[in-house]
Number of protein chains: 2
Amino acid sequence: MAKRIAILGSTGSIGTSTIDVVRSLKKEFKVVGLGAGRRWKELAEQAKLVRPATVVIADPANADKIRPLLNNSTELLVGPEGLVELAGRKDSSFIVAAIVGAAGLESTVAAVRAGKQVGLANKEALVVAGSMIVPLSRKTGAQLLPIDSEHSAIFQSMQAGRTSEVCKIYLTASGGPFRTWTAKQMAKATLEDALRHPTWSMGPKITIDSATMMNKALEIIEAKGLFDVDVDSIEVVVHPESIIHSMVEFCDGSVIAQLGTPDMRTPIQYALTHPQRCVGCASRLDFSTVRRLNFEEPDFDRFPALRLGYEVARTGGSAGAVFNAANETAIKAFQAGSITFGRIVGLIEEVLGRHKVDPKPDLDALLEADRWARQEVAKCLKS
Amino acid sequence: MAKRIAILGSTGSIGTSTIDVVRSLKKEFKVVGLGAGRRWKELAEQAKLVRPATVVIADPANADKIRPLLNNSTELLVGPEGLVELAGRKDSSFIVAAIVGAAGLESTVAAVRAGKQVGLANKEALVVAGSMIVPLSRKTGAQLLPIDSEHSAIFQSMQAGRTSEVCKIYLTASGGPFRTWTAKQMAKATLEDALRHPTWSMGPKITIDSATMMNKALEIIEAKGLFDVDVDSIEVVVHPESIIHSMVEFCDGSVIAQLGTPDMRTPIQYALTHPQRCVGCASRLDFSTVRRLNFEEPDFDRFPALRLGYEVARTGGSAGAVFNAANETAIKAFQAGSITFGRIVGLIEEVLGRHKVDPKPDLDALLEADRWARQEVAKCLKS
């Protein structure tokens, strides 16, 4: 029988790639639900293509626009609570959690609570709420499957041994657009500079995260949640070509790596088909064109976000929620032109410094920490 | 209970490393048998160290020298037939087949016939007799475990998916000491030049094989036997640093690689402990010192052995026995100074061209093909 999946964040970059993958795998998967924020036109197009039972539009203002475009047999749910309902419904067993930022948190938690397989493209879920989601998944039997290319690479490499035999994780980083820039140049980088990613084509928030290396900081925290490893066993390696997506060192000294083109369809498909693999639509690595793979140690001075990432991963509790919310707010301020690029990480550090960590927060406490951090950033901006 | 192993070729480079590994793993393994060719002093030292029940000295001339050095409770077997007996005895379940060249063939076959786990460091066994050993192993339930670093890397990488999901094997090659030499320079290379391997420290025969790239040719044939893959799905990639030991591409496009230092203790240990991994004594890769990994396409003009390797792998049957025997004889002639380096592969090709392939040879037919090829090389040298 086909695996029944619902895609939360279907009109984004991961969502559309997921639809490509599911269509290429044909009989094995059936999309039964699609959920998006504002992009009602694209969402209606997707609904025409995959014919889901349920469609969710999170922005109520667009409900009347999409309704006439949907098939009679398709149910329309409206508002963020529609996403939560879709995530928890019994008619799907696999949820692709691809809503960027803390916005995707509640629906991801709903999927975990329902004990489903959850493909996590939304790395913020584990950053914000790892301290709550990971124990919850153990209780409900939910399986967390990484869709991030790095974490998929770690997960795939881990299949070559037992989890207890892993002694180190090498998280590779492209180094982003400012890998070779001086601190002085970086301080004055424009939005346009920050959006020019060397290897991956991604949404703007993630691309800016790559420029500050906040993405790697978030991934350190995510890796800790997903793989239950000691923070000190996670090592960031700068690898500008983004061909080795990450590596694992086993206790016997063997290092296993996953390599591929920078095509998100590979990790998406692996999350869907794990533990099996199928022929899919992702592009192939042509090894005759790979001439050289470079590696560098990360520069913690130019990229202080990395240091913060380790600290937050060690602290746990509500620290991740504050870290993530402060980052999201600072990025918006940078995009709006109210702060310089060089100010982003400093702002996050200031807010983190003022936060009183709750070691075992529930979802409400996490959402409150998120709100608090956003307000704190706003305060800093005014002062 | 400890796994009981016998090491055939215990005084060679793989044999001594195996003893290191077993000693570092302590309780999990017990060496119950040691077998070597001529080196009676080293063999006696090893026997003192690991206290095996049985010791074999293949060269009868040295039996009287080693006997007084052995413990009273240690049984001494003499002659090549002693190796065969040790390989087949019920008191061991794991045989490390580490006798270089066709000399190790009969004892390896005996281990396979006895349905044991066989760690294959002797790549010639599968090159010479793959067409017979592989079906035999299926019948007796013997498990063939690679000890070659490349094949161990392939085997380890294959653990990240199912065998049926593998679509390509990337066999990495250091390129040997003549990677950057012109054909003209190579033709005149001295024995000393050929013995100067850039990354691996190995015995002389294997090091010369690396200079002609016959080692890769043999490994193509070995990979076909071990992993039951189509010859055309095996691709040789020159990778001078020898850090990536080989790779596997799965049907979904993911490439999984095994990386490590050039330390044979890693593949030896993996063969012993598979499917588990243990902390051992092998040296670790320090990724902060890995700056750059290079890749090149192999040059089939300067290294015609590669082309021959593919041909022999496709042909199967007795071709591998002739290929290997002609190579061993040509190398001896080169070591003796009777032929130039540039003549080695040409000689092998001539002899192969005169061989009438037996598609389904038994062990006697293979040993006969081996003898025939050695005589043919000798004939070529006289004429």
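Let me begin with the interface: in this predicted model, chain A and chain B bury about 3,900 Å² between them, and 49% of that area lies on carbon and sulfur atoms. I open with an area because the size of an interface is often given as the accessible area lost when the parts come together. On the side of chain A, the residues that lose the most area to chain B are Asp252(A), Arg277(A) and Phe287(A), which together account for 19% of what that side buries. Counted by residues, 43 from chain A are in contact with 43 from chain B.

How are the two chains related to each other? Chain A can be laid on chain B by a turn of 180° with a shift of 0.0 Å along the axis, and the RMSD is then 0.0 Å. That is the relation of a two-fold axis. The same surface serves both copies, since 100% of the contact residues of chain A recur in chain B.

Let me turn to the polar side of the interface. Between chain A and chain B there are 24 residue pairs in polar contact, with both residues at pLDDT 80 or more. As for which elements take part, β8 (166-173), β10 (244-250), β11 (255-259), α12 (265-273) and β12 (292-294) of chain A each supply at least two residues of the side that touches chain B. The largest share of that side, 5 residues, comes from β11(A). Sorted by class, the side of chain A that touches chain B has 21 nonpolar, 12 polar and 10 charged residues.

Now to the charged pairs. Side chains of opposite charge can pair when their charged atoms come close. Across the interface of chain A and chain B the rule finds 4 salt bridges, and one of the salt bridges is formed by Glu249(A) with Arg284(B), whose closest N and O atoms are 2.8 Å apart. Over all chains, the structure holds 56 salt bridges. Among them is a pair inside chain A, where the side chains of Lys168(A) and Glu235(A) meet at 2.9 Å, N to O. Because Lys168(A) lies in strand β8 of chain A and Glu235(A) in strand β9 (residues 234-238) of chain A, the pair ties together parts that are 67 residues apart in sequence.

I will finish with the backbone. Most residues other than glycine have a negative phi, and most peptide bonds are trans. In chain B, a cis peptide bond joins His274(B) and Pro275(B), with omega about 5°, and Pro275(B) lies in the loop between α12 (265-273) and β12 (292-294) of that chain. Arg51(A) lies in the loop between α2 (40-50) and β3 (54-57) of chain A.

Key:
Residues are numbered from 1 along each chain as its sequence is written. Chains are lettered from A and ligands numbered from 1 in the order in which they are written. This is a predicted model: local features need pLDDT of at least 70, side-chain atom pairs count only at pLDDT 80 or more; totals for chains, interfaces and linings use all residues. Side-chain values use heavy atoms; hydrogens and water are left out. Contact means heavy atoms within 4.5 Å. Buried area is the accessible area (1.4 Å probe) that two parts lose on being put together, summed over both. A polar contact is a pair of N or O atoms within 3.5 Å; within protein, one must be able to donate a hydrogen and the other to accept it, and residues adjacent in sequence count only if both atoms are side-chain atoms. Helices (H or I, at least four residues) and strands (E, at least two) are DSSP runs, numbered from the N terminus. Ala, Val, Leu, Ile, Met, Phe, Trp, Tyr, Cys and Pro count as nonpolar, Asp, Glu, Lys and Arg as charged, and the others, Gly among them, as polar. Copies are superposed by least squares on the C-alpha atoms of residues with pLDDT of at least 70 in both.
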